[in-house]
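I opened the notebook today to record what I looked up in one chain, and I wanted each entry to stand on its own. The sequence and the structure come first.

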Amino acid sequence: MKRWKKMIRNCPYLVALFSIWMFLTIGGVGLLLYRDYGGMKWKTFLSNPFFALIMEEEMHESAVRTAGSEAETVMAHAANELAGSEAMKGAVLDRITGQDEKEAVKDDNEADKEGSGKDAEAKAKVRGKTFFDLYPPVETDSIYFEDVGKIALTTEYPYTKVEEGYFKDAAFLGDSRTIGIADYAGLDADFYCDNGMTIYKLLGEKGVTYQRTGEKVNLPEVLQQKKYGKIYIMLGMNELGYRNTGYFLEQYQAVLEQIRNWQPHAIIFIMANLHVSQTKNNIQTEFNNININAKNVAAASLADGVDIFYLDSNPLFTDQDGLLKEDLTFDGVHLYANNYPEWREFLMMHGVVKDDEKEDTNAPNSASNADNVDAAEDEDQIW
């Protein structure tokens, strides 16, 4: 103890230095407590014991906090302005929408005032729609067809139930099953049809039989000379073994366009080919219902629901598997005579009535798109 006292008396400078360090330490602690630590940490103070350094760091952190606060204020102000802008935009849109709704109501009111004339006009502009039932297709390796995986349905349209007089200005074009309609359906119409007729030969130079007289006529000439209100076409059976469905579709479309050119006001009905019975349905050949269905789907795709309609009478005569019922046919292809009246009723339930006062704006054209495919007539013809 005496030794330490002696050292203190001999080292006044050491005592003075220790006292100063203690003063600064106690003073610094007091400052931190007074300033509520001011964001400082003990390690910061201990590493910077001088007040100048402490104040410098305090001022820096204070500036940072102030800048952050100002930035938040600016962002909040901007957000408020944006919200106000969006609100104003919404108000403008609401006003525009409200104005449009008022104008729509006004238009509806004006339309109501025009009466039944407008209603009749609107009804005349109704467009039908042809739908297709889908099913899983089967694989085929035929050069004539493939399974298209869908079945064409009768064009949906507000059809009119008509009387027998409706068919007085109608022409039926087709093959042997169209001859059956001519012979047994009892319709007063013109029938141009032959056994073995195809879409490729219909407008050809060799002509087609006019069933009223039994004479061959040149159909292009007939269609340019006589005006028909309805034209029914049922072809596709004798085309099953000639080229593929794509070619069939191209030729069918060409024939329709030519007939439309000659008969601009006629309603055209594309009639589905009837399926065959189980005994005739041979998937190993081209004569089967998959091929018939593919041809029907192709033809149905040409219906526009305005002046071209697709009519499928198969549901009248086929079973749940789409096969022609055996008790309705004598050869698996053609119907017994007593079944054609039911077909007639189907046609009478699907009448389309249109305005006959339209002006004829298309001049007749004597050209035929089918002349260059007459070679197909030498192919096998079974129906």
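**Ground rules.** I noted that this is a predicted model, in which local features need pLDDT of at least 70 and side-chain atom pairs count only at pLDDT 80 or more, while totals for chains, interfaces and linings use all residues. Residues are numbered from 1 along each chain as its sequence is written, and side-chain values use heavy atoms, with hydrogens and water left out.

**Whole chain.** I found eleven helices and nine strands, where helices (H or I, at least four residues) and strands (E, at least two) are DSSP runs numbered from the N terminus. Of the 383 residues in the chain, 40% are buried; buried means under 20% relative accessible area, exposed means over 50%, and partly exposed lies in between (1.4 Å probe, protein chains only). The chain exposes about 22,800 Å², of which carbon and sulfur atoms supply 55%; accessible areas come from the Shrake-Rupley method with a 1.4 Å probe, and for residues only the protein chains shown count as cover. I also looked at contacts between residues at least 6 apart in sequence, and 69% of these join residues at least 24 apart, with contact meaning heavy atoms within 4.5 Å.

**Cores.** I looked next for nonpolar cores, each being a set of buried Ala, Val, Leu, Ile, Met, Phe, Trp, Tyr and Cys residues joined through side-chain atoms within 4.5 Å. The largest has 39 residues, and Leu173, Tyr192, Leu219, Ile233 and Tyr252 touch the most other members. Among the elements that each supply at least two residues of this core are strand 3 (170–174), helix 7 (219–225), strand 7 (230–234) and helix 8 (245–262). Helix 8 gives the largest share, seven residues. Apart from this core lies another, of 32 residues, including Ile181, Leu187, Cys193 and Met234.

**Strand 7.** Is Ile231 buried or exposed? Ile231, found in strand 7, is buried, with a relative accessible area of 0%. With neighbours within four places in sequence left aside, the contacts of Ile231 include Ala171, Leu173, Leu223, Ile259 and Phe269. Ile231 and Ile308 are 77 residues apart in sequence, yet 9.5 Å apart in space, C-alpha to C-alpha.

**Helix 6 and helix 11.** How do these two helices pack? Helix 6 (residues 176–184) and helix 11 (residues 340–348) pack at an angle of about 90°, and their axes are 9 Å apart. Axes here are lines fitted to C-alpha atoms, for helices over the stretch in contact, and angles run from 0 to 180 degrees between N-to-C directions. The two helices are therefore roughly perpendicular to each other, a term that covers 65 to 115 degrees. On the helix 6 side I found Arg177, Gly180, Ile181 and Tyr184, which meet Tyr340, Pro341 and Trp343 in helix 11. By class, this contact has five nonpolar, one polar and one charged residues; Ala, Val, Leu, Ile, Met, Phe, Trp, Tyr, Cys and Pro count as nonpolar, Asp, Glu, Lys and Arg as charged, and the others, Gly among them, as polar.

Thr178 also sits in helix 6 and is buried at 1% relative accessibility. Leaving aside neighbours within four places in sequence, Thr178 is in contact with Phe172, Leu173, Phe191, Cys193 and Met234. In helix 11 the buried residues are Tyr340, Trp343, Arg344, Phe346, Leu347 and Met348, and they pack against elements including strand 3, helix 6 and strand 7.

**Loop residues.** Arg243 lies in the loop between strand 7 and helix 8 and has a positive phi of about 55° although it is not a glycine. Most residues other than glycine have a negative phi. Arg243 is partly exposed, at 44% relative accessible area.

Key: Parallel < 35°, antiparallel > 145°, perpendicular 65-115°, else oblique.
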